[in-house]
Amino acid sequence: MKLKAEVRQGFHVNSNAPNDEFLIPLKLTWPMGPVEAEQVNYPKPQFEHYAFSANPVSVFSGNFEIVTRFKAAVGAMPGPAGITGKLRFQACNEKECLPPRTIDVRVTLDVQ
Amino acid sequence: MRKLVPAALAAAVVAGLIAISGCDSTTVRAAVKSDKERKAAPDFALKDADGKTVHLADYKGKVVLLDFWATWCAPCKIEIPWFMEFEQKYKDKGFAVVGVSMDEDGWTVVKPYLQQLKINYRVVLGNDKVGDQYGGVDSLPTTFLIDRQGRIAATHVGLSGGKDDFQNDILHLLGTSHTSVGTPRSGVLAFFTRPE
C-alpha cells in the first residue's frame with residue numbers, strides 16, 4: 001500500500017531518521033490485527049540547508065510516498081479487513097515550526 | 001497462506017498533508033506598541049525544572065521576555081543563545097527571560113536540552129491552556145515582550161528580524177516604563193540603558 005503525501009510548498013517534515021536527537025521523526029505505525037504491517041519503507045530523504053541549522057537537515061518535502069507491505073495474520077478470516085494506522089509528523093519552514101501532529105490512515109484490504 | 005488484495009487501489013492520498021493550520025510562511029515582528037495599545041499579559045501558574053510554581057505576576061515591575069518554544073523547534077534554537085545573553089546583560093536592570101516549553105513529552109526531553117544548551121534562565125512547562133490564553137500559539141517560536149506593568153508590548157512570531165530587533169525592543173522597554181510615567185528620572189534611566 002502506497003501512502004502518498006504532499007507537503008505544502010515552503011514547508012518540510014523531518015524524515016523518518018532526522019540527524020538530531022531532539023527532532024521528531026516522521027513515522028507510520030500500524031496496529032496488530034487480522035492484517036499486519038510486515039514492513040514500512042520510507043523514501044530516501046533530502047538533506048537541506050536551512051538558516052536555522054549549521055548542518056543539513058534530513059527532510060521530506062514536496063511529494064513523497066511511504067510503502068507498507070502487509071500480510072494476513074495466521075488464522076485471519078477471508079473478506080475485507082480494515083486497519084487504521086497512525087502517521088506522526090512535524091513540519092517547519094525556514095523560520096517557524098508547527099506542532100507535531102498524528103493523523104489516522106485507514107486502509108481496507110481483502111483477505112483471500 | 002492468505003492472500004491480501006487492496007480493496008481500494010494502491011494509494012491512500014493524503015493531500016495537503018502539511019496544510020495543518022493554514023499557517024503562512026511569514027513571520028511577524030511587531031514594533032513595540034504604544035501604551036494605549038498594550039493589553040494585560042495573562043497570568044499563569046506553571047512548573048519550572050525544580051518543580052516550583054511560577055506565576056507571571058511574580059515578575060511584576062520587570063520587563064519579561066516570554067518565549068514559547070520546544071526542543072523539536074530548530075529555529076527556536078537560534079534565538080535561545082540571544083535570550084541567554086539578554087538575561088545575563090540585563091537581569092540587573094529589571095529584566096527576565098522566561099521560556100515556556102511546549103514539549104508534550106515534558107521534562108524527560110526538556111531537562112537534557114536545558115543542560116546541553118546551558119540555559120541560564122527560567123524555563124517552565126507550558127500547555128494548551130496557556131497557549132490559548134496567549135491568543136493561540138500556533139507556531140514556534142512565538143515570543144512576547146511584557147512591560148513592567150505586565151502588559152504585552154511586542155510580539156515576535158517565527159525566527160523574525162534578528163537579535164538586534166529584540167535587543168532594541170528590550171532597551172526601549174527598560175527605559176519606557178519610566179518614560180511613560182513622565183518623571184525627569186526616566187530620561188536619565190533611558191540614557192544609561194542604551195547599548196554602548
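The exercises below concern a predicted model, each followed by a worked solution.

**Exercise 1.** Determine which strands of chain A pair with strand β8 (residues 79–89), and in which sense.

*Solution.* 
- Step 1. Begin with strand β3 (residues 27–29) of chain A: three bridges join β3 to β8, and the two strands run antiparallel.
- Step 2. Locate a pair of facing residues: Lys27(A) stands opposite Arg88(A) in β8(A).
- Step 3. Turn to strand β10 (residues 101–111) of chain A, which pairs with β8(A) over 11 bridges, again in the antiparallel sense.
- Step 4. Locate a facing pair here too: Pro80(A) is opposite Asp110(A) in β10(A).
- β8(A) pairs with β3(A) and with β10(A).

**Exercise 2.** Find which residues touch the most other members of the largest nonpolar core, and list the contacts of Ile146(B).

*Solution.* 
- Step 1. The largest nonpolar core has 69 residues.
- Step 2. Within this core, Ile146(B) and Ile170(B) touch the most other members.
- Step 3. Leave out residues up to four places away in sequence; Ile146(B) then touches Ala41(B), Val63(B), Val64(B), Leu66(B), Arg151(B), Ile152(B) and Ala153(B).
- Background. In soluble globular proteins, nonpolar side chains tend to be buried together.

**Exercise 3.** State how confident the predictor is in chain B and in the complex.

*Solution.* 
- Step 1. Chain B has a mean pLDDT of 82, with 74% of its residues at 70 or more.
- Step 2. Residues 7–25 of chain B have pLDDT below 50, and this stretch has 40 contacts in the model beyond near neighbours in sequence.
- Step 3. Residues 177–196 of chain B are also below 50, with 22 such contacts.
- Step 4. For the complex, the predictor gives an ipTM of 0.88 and a pTM of 0.83.

Key: Residues are numbered from 1 along each chain as its sequence is written. Chains are lettered from A and ligands numbered from 1 in the order in which they are written. This is a predicted model: local features need pLDDT of at least 70, side-chain atom pairs count only at pLDDT 80 or more; totals for chains, interfaces and linings use all residues. Two strands pair if DSSP finds at least two bridges between them. Helices (H or I, at least four residues) and strands (E, at least two) are DSSP runs, numbered from the N terminus. A nonpolar core is a set of buried Ala, Val, Leu, Ile, Met, Phe, Trp, Tyr and Cys residues joined through C-beta atoms within 7 Å. A residue is buried if 20 or more other C-beta atoms lie within 10 Å of its own, exposed if 12 or fewer, and partly exposed in between; C-beta atoms are placed from the backbone. Two residues are in contact if their C-beta atoms, placed from the backbone, lie within 7 Å. pLDDT is the predictor's confidence in each residue, from 0 to 100.
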